[in-house]
Protein chains: 4
Amino acid sequence: MQQAAGAPRIGVAGATGYAGAELVSLLLGHPVAQLTQVSSRSQAGRVHREACPGSGCELELTEELDPTRLEVVISTQSSLEAAAQAGSWVDSGAVVIDVSADFRLRDPGLYPKWYGREHPAPELLREAELTVPELELGSRAGRIVALPGCFATAAILAAAPALRSGLVQPSLVVDGKTGISGAGRGAGPAYLFSELDEAVLPYAVAGHRHQPEIQQALSELSQIAVDVTFVPHLVPMTRGICVTCYLPWEGGPALDRVLQEYRLAYGASPFVHLVEAPVPTKLASRTNHTFIHLGSQGSHLVVEAVLDNLGRGAAWQAVQALNWRLGLEATAGIGRRPQWP
Amino acid sequence: MQQAAGAPRIGVAGATGYAGAELVSLLLGHPVAQLTQVSSRSQAGRVHREACPGSGCELELTEELDPTRLEVVISTQSSLEAAAQAGSWVDSGAVVIDVSADFRLRDPGLYPKWYGREHPAPELLREAELTVPELELGSRAGRIVALPGCFATAAILAAAPALRSGLVQPSLVVDGKTGISGAGRGAGPAYLFSELDEAVLPYAVAGHRHQPEIQQALSELSQIAVDVTFVPHLVPMTRGICVTCYLPWEGGPALDRVLQEYRLAYGASPFVHLVEAPVPTKLASRTNHTFIHLGSQGSHLVVEAVLDNLGRGAAWQAVQALNWRLGLEATAGIGRRPQWP
Amino acid sequence: MQQAAGAPRIGVAGATGYAGAELVSLLLGHPVAQLTQVSSRSQAGRVHREACPGSGCELELTEELDPTRLEVVISTQSSLEAAAQAGSWVDSGAVVIDVSADFRLRDPGLYPKWYGREHPAPELLREAELTVPELELGSRAGRIVALPGCFATAAILAAAPALRSGLVQPSLVVDGKTGISGAGRGAGPAYLFSELDEAVLPYAVAGHRHQPEIQQALSELSQIAVDVTFVPHLVPMTRGICVTCYLPWEGGPALDRVLQEYRLAYGASPFVHLVEAPVPTKLASRTNHTFIHLGSQGSHLVVEAVLDNLGRGAAWQAVQALNWRLGLEATAGIGRRPQWP
Amino acid sequence: MQQAAGAPRIGVAGATGYAGAELVSLLLGHPVAQLTQVSSRSQAGRVHREACPGSGCELELTEELDPTRLEVVISTQSSLEAAAQAGSWVDSGAVVIDVSADFRLRDPGLYPKWYGREHPAPELLREAELTVPELELGSRAGRIVALPGCFATAAILAAAPALRSGLVQPSLVVDGKTGISGAGRGAGPAYLFSELDEAVLPYAVAGHRHQPEIQQALSELSQIAVDVTFVPHLVPMTRGICVTCYLPWEGGPALDRVLQEYRLAYGASPFVHLVEAPVPTKLASRTNHTFIHLGSQGSHLVVEAVLDNLGRGAAWQAVQALNWRLGLEATAGIGRRPQWP
C-alpha cells in the first residue's frame with residue numbers, strides 16, 4: 001500500500017450480492033472514504049450500475065481487486081473465498097474487513113465441521129480479530145477485521161452484558177428469526193416467494209454456522225465457557241433479524257442490576273439502543289441500529305435484539321468497522337435515523 | 001336438552017370472529033352434526049352470511065343461544081364471556097366445548113393474575129377438562145370440554161411425549177411465532193397491516209396467558225412439576241403457529257429413544273405427523289394437521305411444532321373435540337389434506 | 001381405452017408442479033373419479049408423496065402416462081409439451097383436459113409468435129375446444145378440452161356478458177394482478193422472496209401470452225372482433241388473481257341492464273358470484289370460486305374479477321371441466337366454501 | 001413572519017401520522033431547513049420522540065403551530081383541516097406547503113362531491129397552485145403550494161409528456177396499485193393485517209378523490225380536456241405505488257417519438273428516471289425517486305410509473321417542494337439513492 005495523501009481508497013470484493021451492493025451504495029455516499037474498486041467473479045466486465053438494481057456506481061467490475069492501490073478491502077464473498085485471497089491483500093498492506101465467515105473462528109479445526117473443508121490460509125487466522133466495537137471485541141490495529149454473522153451480531157450484542165455481569169448462568173438458548181435476504185441474491189428454489197410467503201420455517205435445528213461464533217465471542221467476553229444452543233427460523237419478510245436469548249438466572253429482582261450493565265455497555269452508542277417495550281424488526285430496517293429489550297420470566301432472563309440483517313448484520317456493520325478501524329467518526333456514512341413504517 | 005332423534009344440534013356462541021366464522025363454515029360441511037344456532041352480541045339480528053365474508057350460513061345471529069334446543073354449544077367468545085353463560089348451557093344438558101380461555105386453568109386463583117378479574121363461575125371449573133385427544137388429556141364424559149389456546153396446543157403436543165419419557169429435564173423454553181389472525185377480527189390499530197408487515201415483534205416477554213395452560217397440562221401429563229418459560233412473537237403472516245421447544249437433556253444418543261415415544265403417541269393419529277425435516281407453517285394452513293420435528297443440539301432436545309392457529313389452534317380443533325366427545329369419526333368434517341403452496 | 005366398468009380412471013401428466021400437485025390432492029378426495037397414474041419427467045421413479053410437500057399420494061411417478069388404461073388425461077405440463085403427446089392420448093380413446101397452453105389458440109400461426117416455435121401437432125387443434133362451462137364455450141363431446149390460462153379465465157368470465165350485451169364497445173383494457181405462484185414451482189431467481197416481497201412489478205407490457213386467448217374467446221362469444229390490451233403485474237402474495245376490465249361505454253344508466261346480463265349468465269352457477277362490493281382475492285383462495293363486481297366510472301364500465309390462479313385458474317378448473325365433460329355433479333370434489341381470512 | 005437571519009424555520013402540522021413522522025425525520029436531517037415546531041391535535045403535549053416509533057425529535061407537540069415564528073408550514077393533516085387554518089398561516093407571511101387535499105382542486109364546487117362538505121376557505125384556492133416541479137406545474141412565488149396525492153403524482157408524471165405530445169388521445173385509463181400505508185396510521189379495522197395480507201382488493205371503483213386532480217393537472221398541462229378513468233387497488237405491501245396508464249393511440253411506430261418527449265421532460269431530473277424494463281415499486285422505497293417505463297401494446301400506449309406513496313407521494317415530495325420553493329438545492333435532504341432489496 002502506498003500511503004494515500006487523501007481519502008482512503010476502498011475496494012469491495014463481491015460487490016453484486018445483496019450485501020455487496022448495499023455496501024457500494026453506502027460507500028458512494030460516505031463523506032470520507034472513496035470507493036475505487038469493485039469486483040465480482042460472476043459479473044466481471046460489467047459496470048456495477050448495470051449489474052445491480054438501483055446502483056448508481058459507474059465502476060467496472062473486475063475479476064479481482066488490485067490491493068496495491070487500496071487502503072482497505074471489504075469482502076462480502078462466499079465462505080472461504082476471501083480466505084484464499086486475503087493473504088495477498090494483507091501483503092499489499094491493505095486492511096481487510098471481512099463480512100463473510102472466513103476469519104471469525106479462531107480454531108482452524110472448526111472449519112471442516114462447519115464449512116465443509118480445511119481453511120485455505122490458517123496462518124492468517126492469527127491476524128484476524130472478531131470485532132464488535134461496542135463491546136471492545138477486536139483490535140483497532142488488526143490487519144484483518146472479521147465481522148460476526150447477522151445472527152451472531154444480534155446474539156452477541158444481546159447476551160454479552162448479561163454474561164459479563166455474572167448474574168446469569170453461562171448457558172443460553174438463542175432462538176433466531178430472520179428475513180429471507182440472508183440467503184442471498186443467488187439463493188435456490190427453496191427461497192422462491194411462493195415457498196416462503198405466509199410461513200415460518202425452522203432450519204439448521206441440529207446446529208447452524210453462527211453457533212460457534214456466538215459461543216467463541218461470548219466466552220471470550222465473559223471469560224467463562226458459555227454453552228449456546230441456537231436455532232434459526234425463516235420468516236416471511238425481506239430484511240430483519242430478531243433473536244430471543246433465554247439465560248437461566250435467579251429471577252426478576254436482579255433485572256435492574258443487569259439493566260445497569262447494559263446501560264454501561266451501550267449508553268454512549270449511537271447504534272445500540274435499550275428500549276422499554278419490544279420494537280419490531282422493521283424499525284431497524286435499512287439502518288445500522290440495534291434495539292435491545294430486557295425482560296424476566298420465571299427462571300430466565302429474556303433478551304430480545306432486533307436489527308437489519310443486511311444493515312448492522314452485514315453492509316452497514318462493515319462501514320461501522322471501517323470508521324472504527326480508520327478512526328473516522330462513528331456515524332460517517334451510516335447515520336441514518338430509523339423510519340416508520 | 002331434549003334428546004335429538006337424529007343429528008346432534010350445534011350452536012356456536014361468538015360466531016362472527018375469525019374462529020367463529022371458520023367454525024360455522026366447517027359445521028355447514030359436517031356430515032353428521034347440524035348447525036342450528038349462531039349468536040353474536042355485536043351483530044345480533046343480522047344473517048350470518050351478511051356478517052362474515054364468504055359465509056354461506058343463512059341462520060340469523062341471536063344475542064344468546066337457546067341451549068334447550070341444542071346438544072352441543074361451542075363457544076369462541078372473548079375471555080370470561082363464556083364462563084358467565086356456561087352454567088345455563090350445562091344446566092340445559094348441553095355439552096359445552098369452549099375454544100376460549102374460560103375453563104382451561106384448574107386453579108380459580110390464577111384468573112385474576114392472567115385475565116384481570118375473578119372467574120365468574122369457579123364452581124364450573126370442576127366440570128371442565130382441558131382436552132387434547134391424542135394425549136388422552138380430558139374426559140369423553142365431561143360436560144365442559146376446554147380446549148387449549150393456539151400456542152398451548154402446539155407446545156403441549158410438541159413437548160408432552162418427551163417429558164413423559166423422563167429423558168429430559170422438566171424445564172423448557174418455548175419460543176412461539178404466530179400469524180396475526182390470533183389477535184382476532186376486532187384487533188386494534190397495533191395490528192394494522194402497515195405496522196406489522198415486514199417485521200417480527202416480540203410481545204408478552206414477562207409472561208403470556210398461555211404459559212399457565214402449558215405448565216398445567218405438561219405437569220399433569222408427565223406427573224412432575226414442569227417449569228415453562230414462554231415468549232411469543234408476531235410474524236407477518238395471517239395464519240400459522242410455530243413453537244420451538246428447548247428441553248435440557250443429556251444429548252443426542254437418546255434421540256432415537258425419545259423419537260420412539262413420539263411414534264407411540266402419534267403414530268395412529270390422523271392429525272399429528274412426525275416429519276424428518278422441518279416443514280413450514282403454511283403446510284398446515286386451513287387444516288387440522290400438526291407437524292412435529294425432533295432434533296438435538298448441544299445440551300437441548302429441540303422440538304418444533306407447526307399448526308394453523310385458526311385450524312388446530314381453534315376452530316378445527318373444536319370440531320375434532322366435537323367428534324371425539326360424541327364418538328363420531330375423528331376426521332368427520334375436518335379430513336382436509338394439506339395443500340401446497 | 002378399455003371401458004371402465006366403474007369409476008373413471010384419471011392420469012395426471014406433470015403431477016409435481018404447483019398445479020399438478022394441487023390436482024392430485026383434489027382427485028384423491030374426488031367422490032367419483034379415480035386417480036390411477038401420475039407422471040413427471042423430472043421426478044420419475046419417486047413416489048408422489050415424496051416429491052411434493054403435503055401430498056398423501058402413494059402412486060409412483062412415471063416418465064409417461066399409459067393412456068390405454070385411462071379414461072381421462074389431465075395435463076399440467078409446460079407449454080407445447082402436452083401437444084407432442086396428446087395425439088397418442090387421443091388415439092387411445094382418452095379424453096384430454098389440458099391445463100397448459102397447448103390447445104387454446106385455434107390458429108396454428110399464432111404459436112410461433114407467442115410460444116417461440118411451431119405447434120408440434122397442429123392437426124389436433126381442430127379437436128380442441130377452449131372451454132368455459134358457464135359461458136357455454138366448448139363442447140361436452142370434444143376430445144381435447146383446452147382450459148384458458150389463469151388471467152384469461154378471469155378476464156373472459158369478467159367481460160363476456162358485457163360484450164355479448166352489445167352495451168359496450170368491443171375494445172377493452174385488462175389490467176391483471178397476480179400472485180407469484182403463477183410462475184410455478186420451477187421459477188428462476190427473479191421470483192425469489194426477497195426480489196418480490198413488498199413490491200408490485202409490471203411485466204409483459206408489450207404483450208402477454210394470455211392476450212390472444214382472451215381476444216379469441218371474447219370475440220367468439222360476442223360474435224364481433226374484440227380488441228384487447230392486457231398488462232399483468234406481479235403482486236406480493238402466493239395465490240390469487242384480480243383482473244380489472246375497462247370497457248368503453250355510454251355510461252352509468254345502463255349499469256342495471258348490463259348487470260342483468262351477468263345475472264342471466266351466472267345466477268345459477270355454484271362457482272361464479274356477483275358481489276355488490278369488491279372482495280379481496282383471498283376470499284377465493286384454495287377454492288373454485290370467482291367473484292365479479294360491476295361498476296361504472298366516467299366513460300367506462302369497470303368489471304373486477306377475482307379468483308385463485310391455482311384454483312379456478314388451474315387445478316380446480318380442471319376438475320370442474322372433468323365433472324362437466326363426464327356429466328358428473330358440478331361441485332364433485334370442488335365444493336369447498338370460501339374461508340376467511 | 002419575521003425574516004429569519006439564518007436557516008428557514010419549518011413547522012409541521014399533523015406531525016404524528018405516517019407522512020408527518022417521515023417528514024419530521026427528513027427535516028431533522030436537512031442541511032439547511034430547521035424544524036422548529038410540530039403540531040398534532042391528538043397528541044398535543046407529548047414530545048414527538050415519544051409519539052412516533054423511531055423518531056429522534058425532541059420537540060413538544062402543540063395543538064396549533066405559531067406561524068409568526070415560521071417561514072414555512074408544511075401540513076399533512078386530514079382533508080379540509082389545513083384549509084381552516086391556512087388563512088392564518090398565510091396572513092402571518094408563512095409559505096404553506098400542503099400535502100393533504102385541501103388546495104388541489106381549483107373549482108370550489110368539487111369539494112362537496114369529493115370531500116363531503118363545502119371548502120372552508122374557498123378564497124384561498126386562488127392563492128394555491130397544484131405543483132409538480134418537473135412539469136413546471138405550479139409557481140415558485142405562490143403562497144400555497146398544493147401537492148398532488150400519491151396516485152395523482154404518479155399518474156401525472158406518467159401521462160403528462162405523452163398527452164402534451166399530441167400523439168395520444170386525451171382519454172386515459174389509470175389502474176392504480178398501492179401499499180397499505182396510504183390509508184394512514186389511524187386506519188380502521190378494514191386495514192388489519194389479516195384482512196389484507198395475501199390479497200388484492202379493488203376499491204373506489206365508481207370514482208376516487210385523486211381522479212379530479214389527475215384530470216385537472218393533465219388537462220392544464222396538455223391544454224385540452226382530458227378524460228380520466230381511475231381505479232385503485234390495495235396490494236399487500238406497506239409502501240409503494242404503481243400506476244398503469246393506458247392511452248389510446250395509433251401504435252408502436254410512434255414509441256420513439258413519445259419517448260423523446262419523456263427524455264426532454266425528465267432527462268435532467270434527479271428524481272424521475274426512464275427505465276428500459278419495468279422495475280418493482282420497492283426500488284423507490286424510502287426515496288423520492290420515480291421510475292417510468294413506456295411500452296406499446298395494440299391500440300394503447302402503456303406507461304408504468306412506480307414510486308413510494310410516503311416518499312415522492314407525500315413526505316419526500318414535500319421536501320422537494322420546499323427546496324424548489326425556497327430555491328435550495330433540489331436534492332437537499334432527499335438525495336438518498338435507491339437500495340435493493
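**Entry 1: sheet of chain A**

I began with strand β4 (residues 72-75) of chain A, which four bridges join to strand β5 (residues 95-98) of chain A; the two run parallel.

My ground rules come next. The model is predicted: local features need pLDDT of at least 70, side-chain atom pairs count only at pLDDT 80 or more, and totals for chains, interfaces and linings use all residues. Residues are numbered from 1 along each chain as its sequence is written, while chains are lettered from A and ligands numbered from 1 in the order in which they are written.

Helices (H or I, at least four residues) and strands (E, at least two) are DSSP runs, numbered from the N terminus. Two strands pair if DSSP finds at least two bridges between them. Contact between two residues requires C-beta atoms, placed from the backbone, within 7 Å.

I then traced the strand order in chain A. The open sheet has seven strands, ordered β3-β2-β1-β4-β5-β7-β6, with parallel pairing. At its edges stand β3 (61-62) and β6 (128-130) of chain A; each has a single partner strand, so one side of each lacks a neighbour in the sheet.

**Entry 2: sheet of chain C**

In chain C I read seven strands in an open sheet, in the order β3-β2-β1-β4-β5-β7-β6, with parallel pairing. Its edge strands are β3 (61-62) and β6 (128-130) of chain C, and each pairs on one side only. I picked one pair to check. Strand β1 (residues 9-13) and strand β4 (residues 72-75) of chain C pair in the parallel sense over four bridges. Opposite G11(C) I found V73(C) in β4(C).

**Entry 3: a helix pair in chain A**

I took helix α5 (residues 150-165) and helix α7 (residues 210-222) of chain A. Their axes come within 9 Å and cross at roughly 25°. Axes are lines fitted to C-alpha atoms, for helices over the stretch in contact, and angles run from 0 to 180 degrees between N-to-C directions. α5(A) and α7(A) are therefore roughly parallel to each other (angles under 35 degrees count as such). The residues of this contact divide into 11 nonpolar, two polar and two charged. Ala, Val, Leu, Ile, Met, Phe, Trp, Tyr, Cys and Pro count as nonpolar, Asp, Glu, Lys and Arg as charged, and the others, Gly among them, as polar.

**Entry 4: chain B and its neighbours**

How many residues of chain B are in contact with chain A? I noted 40 residues of chain B against 40 of chain A. By class, this side of chain B has 18 nonpolar, 15 polar and seven charged residues. A rotation of 180° with 0.0 Å of shift along its axis superposes chain B on chain A (RMSD 0.0 Å). Superposition is by least squares on the C-alpha atoms of residues with pLDDT of at least 70 in both copies.

Chain D came next. 14 residues of chain B are in contact with 14 residues of chain D. The side of chain B that touches chain D divides into eight nonpolar, four polar and two charged residues. Chain B superposes on chain D by a rotation of 180° with 0.0 Å of shift along its axis (RMSD 0.0 Å). That is the relation of a two-fold axis. I also noted that 100% of the interface residues of chain B are interface residues in chain D too, so the copies meet through the same surface.

Technical notes
Parallel < 35°, antiparallel > 145°, perpendicular 65-115°, else oblique.
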